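Subject: Structure handover

Hello,

Here is the structure I promised you. Please open it first, then read my notes below.

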Amino acid sequence: MATYRTASGPHQDLSAARRAVATGLDADQASELIYRDWCRLEHAAGNRQGLHTAITRVQQVNRELDCSLETETEQLIKELLNDADRSAGRPL
């Protein structure tokens, strides 16, 4: 649901996407798939602070579980942060 509501187009509803992410994290607070959805939706919303909150939270959960981030999550974080930096007019 979060992915569907985050995508550009007539079905985009970032509030509904946030509710889907919150519901998903209530069910499984360690699901990196849900954190990736959260990162994508905050990026789509242009919410840099929200993006950083999602990244910090997934990193914190993984530290508590004593495990590394999935490769896909690491790559997404780098991609979104680089894009956010370009959008903010900051050098990479």
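Buried means under 20% relative accessible area, exposed means over 50%, and partly exposed is in between (1.4 Å probe, protein chains only). The model is predicted, so local features need pLDDT of at least 70 and side-chain atom pairs count only at pLDDT 80 or more, while totals for chains, interfaces and linings use all residues. Residues are numbered from 1 along each chain as its sequence is written, and side-chain values use heavy atoms, without hydrogens and water.

Salt bridges

A salt bridge is a side-chain nitrogen of Lys or Arg within 4 Å of a carboxyl oxygen of Asp or Glu. Helices, by the way, are DSSP runs (H or I, at least four residues), numbered from the N terminus.

Take Glu42 and Arg18. Their closest N and O atoms are 2.8 Å apart in a salt bridge. Glu42 sits in helix H3 (residues 32–44) and Arg18 in helix H2 (residues 14–27), so the bridge ties together parts 24 residues apart in sequence. Glu42 is buried, at 4% relative accessible area. Arg18 is partly exposed, at 33%.

Next, Asp37. This residue is buried, with a relative accessible area of 14%. Its salt bridge partner is Arg40, with 3.6 Å between the closest N and O atoms. Both are in helix H3, three residues apart, which is about one helical turn. An α-helix has 3.6 residues a turn, so residues three or four places apart point the same way.

Arg40 is partly exposed, at 32% relative accessibility. Glu72 is partly exposed, at 43%. Through shared partners, salt bridges join Arg36, Asp37, Arg40, Glu70 and Glu72 into one network.

Helix H2

The expected span of a helix is 1.5 Å times one less than its number of residues. H2 has 14 residues and should span 20 Å; its end C-alpha atoms are 20 Å apart, which agrees. Its buried residues are Leu14, Ala16, Ala17, Val21, Gly24 and Leu25. They pack against helix H1 (2–6) and H3, where contact means heavy atoms within 4.5 Å.

Happy reading!

Terms used. Helix = DSSP H or I, 4+ residues; strand = E, 2+ residues; numbered from the N terminus.
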